[in-house]
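Subject: Structure handover

Hello,

Here is the structure for your files. My notes on what turned up in it follow below.

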Amino acid sequence: MSYKILDRALCEIMASKQSKKILTGILAAVENFKVSDDEIIDCGVVFLGEFKIIIPAKDMNITRQDKKVIRSMLGAEIDYLIKEIDETNKIAIASRFKAMELRKNIELKKYKVGDKVFVRVTSVGRKSCTVDCYGVECSVPISEIDYGYIDDINKHVKIGDKIQGIIKKIDIENNVVDISLKEAKDDPYNILINSIKKGGEYVAEVTGIQPYGIFLTIREGMNCLCPFPNWSNFSPSIGEKFVVKIKSIKSDDRKINANLMRQIN
């Protein structure tokens, strides 16, 4: 056993319990924890040295206190405060909720609308991702994750990522913070729009297929929309490449319309 590792972990745990030091770790597991003979609860688990940090679902600061929600967050970096310590069994009980409340009251109040902040991705869904912004969890819709058409959010953000965002709205008292991840980046449309022109033919890659048309990326962050062509046995797939011909560029609406010319084999 490494006593230095154990002593260091124990010192961190004691500092958290006695002095409200916020600890940070990776949510590494979800388990059932037996509270009593009649009660078993779902918990998140963080490891610190040889200590196992158990965070009951009610202290995870999640909307639905069950194993599925905790499982969806595995791999996320989270904050926690120690509540109880069992030195003999190397177990500690912690609260993520209390840690987030403390960080919110200490750090988030320093920021205002328009400020850039670093947020941590805690879960990723089909239409949004969830980020922790200095103690307030925010849902970022797919339209605010990145520029261009997004078919799979996981290609742009992953659980555990630390990424810059822009505060669009902040109401600390009501735990409301709106974050845009894309606005913290350079807008490729403004940079690249002059590199294409109406009537030009360009190689483009299929990035999205909708009932009303096909989205293709001409350059990273710059997409065009093409109607389905009258081709026999036409069945496009994500990642396939085509030559497209630009038929209109609407700068005010940030829309580029094009037609498919031919597939590139």
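**What was found**

S195 is partly exposed, at a relative accessible area of 38%. Please keep in mind throughout that this is a predicted model. S195 sits in the loop that runs between α4 (188–192) and β12 (201–210). Not counting residues up to four places away in sequence, S195 touches Y202 and R219. With R219 there is also a polar contact, side chain to side chain, at 3.0 Å. S195 and R219 are 24 residues apart along the chain, and their C-alpha atoms are separated by 9.6 Å.

S180 belongs to strand β11 (residues 176–180). Which side chain does the side chain of S180 meet in a polar contact? The partner is E144, at 2.5 Å. The side chain of S180 also reaches the backbone nitrogen of E183, at 3.2 Å. If neighbours within four places in sequence are left aside, the contacts of S180 are E144, G165, I166 and K168.

**Overall form**

The secondary structure amounts to four helices and 16 strands. The protein is more spread out than a compact globule, because its radius of gyration is 24 Å, well over the 18 Å that the globule rule gives for 265 residues. Along the principal axes, the C-alpha trace spans about 75 × 40 × 35 Å.

Of the 265 residues, 41% are buried. The protein exposes about 14800 Å², and carbon and sulfur atoms supply 47% of that area. Taking contacts between residues at least 6 apart in sequence, 59% join residues at least 24 apart.

In soluble globular proteins, nonpolar side chains tend to be buried together. In this model the largest nonpolar core has 21 residues, and the members that touch the most others are I53, Y80 and I82. At least two residues of this core come from each of α1 (3–19), β4 (51–56), α2 (67–72), β5 (77–86) and β6 (91–95). There is a second, separate core of 20 residues, and I145, V157, V177 and L181 are among its members.

**Aromatic rings**

How many aromatic pairs does the structure hold? The count is seven. F234 and F242 form an aromatic pair with an edge-to-face arrangement, 6.1 Å from centre to centre and with 70° between the planes. F242 is buried, at a relative accessible area of 1%. Both of these rings belong to a cluster in which ring pairs link F228, W231, F234 and F242.

**Residues to display**

- S195 with R219, for the side-chain polar contact at 3.0 Å.
- S180 with E144, for the side-chain polar contact at 2.5 Å.
- I145, V157, V177 and L181, for the second core.
- F228, W231, F234 and F242, for the ring cluster.

Regards

Methods
Residues numbered from 1 in each chain as written. Predicted model: local features only at pLDDT ≥ 70, side-chain atom pairs only at ≥ 80, totals over all residues. Heavy atoms only, no water. Core = buried A, V, L, I, M, F, W, Y, C linked by side-chain atoms within 4.5 Å. Buried < 20%, exposed > 50% of the residue type's maximum accessible area, 1.4 Å probe, protein only. Contact = heavy atoms within 4.5 Å. Polar contact = N/O pair within 3.5 Å; in protein donor to acceptor, adjacent residues only side chain to side chain. Rg over C-alpha atoms; globule rule 2.2 N^0.38 Å. Areas by Shrake-Rupley, 256 points an atom, 1.4 Å probe, with all protein chains shown as cover. Phe/Tyr/Trp six-rings, centres within 6.5 Å; stacked < 30°, edge-to-face > 60°.
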